[in-house]
Structures are given as structure tokens and as C-alpha cells.
Amino acid sequence: MESSEFDGLVLGLAEFVRGHGRYPYPELLRRALNKLVLEVTAVPYPRTLTGLLALLEKPVITWYLRSLQPKEFDSDFGLLYEGVLSEEASRYLYEELLEKTKLSEFATTLTKQIAIENFQFQKILERLQEFYNNDGDPERVQQEYVLLRLFLIENPYTTPAQLRKTFSTTRHISIQEVGELYDECEENEPC
């Protein structure tokens, strides 16, 4: 589960809490939970909704892969506290997701999903702009940006090998962050 999946989990939980936990569960939450079941390896994945909600109250650092935790979220906190979003999850939702993406918390699921995906690209773009202004080699930053845009346009699907081949020599763009712009899927599996 990458950062965008974590973002979907937080947005989905916010919708779930706002709906007082009633069925049907929010689409973003269902999607995030389907991916979360594969990512929770430190503890057994709960078999019931009550167990899942109890897990989400525990510090994120205890059950979520550290390598996939967004650095903007303090993982010493859980996502829920006494059945509502924790203080840290609320801060992350409003300051990191809604404010930076200029997204309404009442936007449609599709709009939120698009905003989450765009947010990943915007983080890369902001960092490149910072390098462009402060790095001393703005031409290289510009070339890497063009390489990224061209790669995304020409490759709606990719493989780790293609990512390595294209971005192994870039100084300002990591292979991992480009990979996060893509959904994972197996060969012959619809993505």
C-alpha cells in the first residue's frame, strides 16, 4: 500500500465516521481496506469490523509497513480514537490532503481518487521546482522533469525494469516515487 493508498484510507475513514459507520461503506474505504489486507503483515488482519476498528486505533507504526508510511503522518498515533478520526488523522486529512489538494471533504469518491493521484505528482513537481531554484543545475532539473512527463505520457503501463532503465541515472527523481504513480498489477490482470 503506497502513500496514495494511505491517503485513500484516511479519506475513506473520514467518510465512514461521518456516515456513523453505516453500511454501505464508502468506496474509498473499501478499496483501501482491500489493499490493506495484503499490506498488514506485522499483526494478523482482523476478521471482523470491530477488530479492524480496534486495529486502526493502535499506533500506525505497529501494524503498517514503515517504508509505506507517509512522512507527513506521525505514526505514533492511530487513525481512529474512540470511534472517530484521531487528532493526527484529522490534522493529516485537513492539512496534508484537503488543504494542499484544494479538495472538499464532501467531493465525490472519483474526485477524491483523482485528487490523491494528482497529489503524488504535485509532490514530485514541488520538489523539482525547489531543486530548480536552489540546485545550481536548473537545466538538469528541467531535463529530468521532461523525461518524467514524457515517460508518463508514453507509458500508461510499466514494469520495474522499465522504471530502472529510465530513471536509474536521474539525480532528482527516484525510481520508487515514479513507481508510486502507477497501480500495481500482475501480468494478464486488469488494472
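Guide: Helix 5 gives the most residues to the lining of the second largest pocket, namely six. This is a predicted model, in which local features need pLDDT of at least 70 and side-chain atom pairs count only at pLDDT 80 or more, while totals for chains, interfaces and linings use all residues. Residues are numbered from 1 along each chain as its sequence is written, and side-chain values use heavy atoms, with hydrogens and water left out.

Visitor: What makes a space in the protein a pocket, and what makes a residue part of its lining?

Guide: On a 1 Å grid over the protein atoms alone, a pocket is an open set of points with protein on both sides within 12 Å along at least five of seven lines, and a lining residue has an atom within 4 Å of a point. The second largest pocket holds about 510 Å³ of space. It has 19 lining residues, and those closest to its centre are Lys71, Glu72, Lys123, Glu177 and Glu180. Two or more residues come from each of helix 4 (87-101), helix 5 and helix 8, a helix being a DSSP run of H or I with at least four residues.

Visitor: How do the residues of that lining divide?

Guide: They divide into nine charged, six polar and four nonpolar residues. Asp, Glu, Lys and Arg count as charged, Ala, Val, Leu, Ile, Met, Phe, Trp, Tyr, Cys and Pro as nonpolar, and the others, Gly among them, as polar.

Visitor: Why is Glu177 called buried?

Guide: Buried means under 20% relative accessible area, exposed over 50%, and partly exposed in between, with a 1.4 Å probe and protein chains only. Glu177 stands at 15%, and therefore counts as buried. Glu177 belongs to helix 8, and its side chain reaches the backbone nitrogen of Ser174 at 2.9 Å.

Visitor: How do you know that Glu5 forms a salt bridge with Lys35?

Guide: A salt bridge requires a side-chain nitrogen of Lys or Arg within 4 Å of a carboxyl oxygen of Asp or Glu. The closest N and O atoms of Glu5 and Lys35 are 3.1 Å apart, which meets that limit. Glu5 lies in helix 1 (residues 3-18) and Lys35 in helix 2 (residues 27-39), 30 residues apart, and the pair thus links distant parts of the chain. Glu5 is buried at 11%, whereas Lys35 is partly exposed at 34%. By this rule the count comes to nine salt bridges.

Visitor: Why does the pair Asp137 and Arg171 tie together parts of the chain?

Guide: The closest N and O atoms of Asp137 and Arg171 are 3.7 Å apart, and the pair forms a salt bridge. Asp137 lies in the loop between helix 5 (109-134) and helix 6 (138-154), and Arg171 in the loop between helix 7 (160-167) and helix 8 (175-179), so the pair ties together parts 34 residues apart in sequence.

Visitor: What separates Glu144 from Arg140?

Guide: They are four residues apart in helix 6, and therefore separated by about one helical turn.

Visitor: What makes a space a cavity?

Guide: A cavity is a set of points where a 1.4 Å probe fits but cannot get out.

Conventions: Grid points are joined across faces, edges and corners, and a volume is the space filled by probe spheres set on the points. A polar contact is a pair of N or O atoms within 3.5 Å; within protein, one must be able to donate a hydrogen and the other to accept it, and residues adjacent in sequence count only if both atoms are side-chain atoms.
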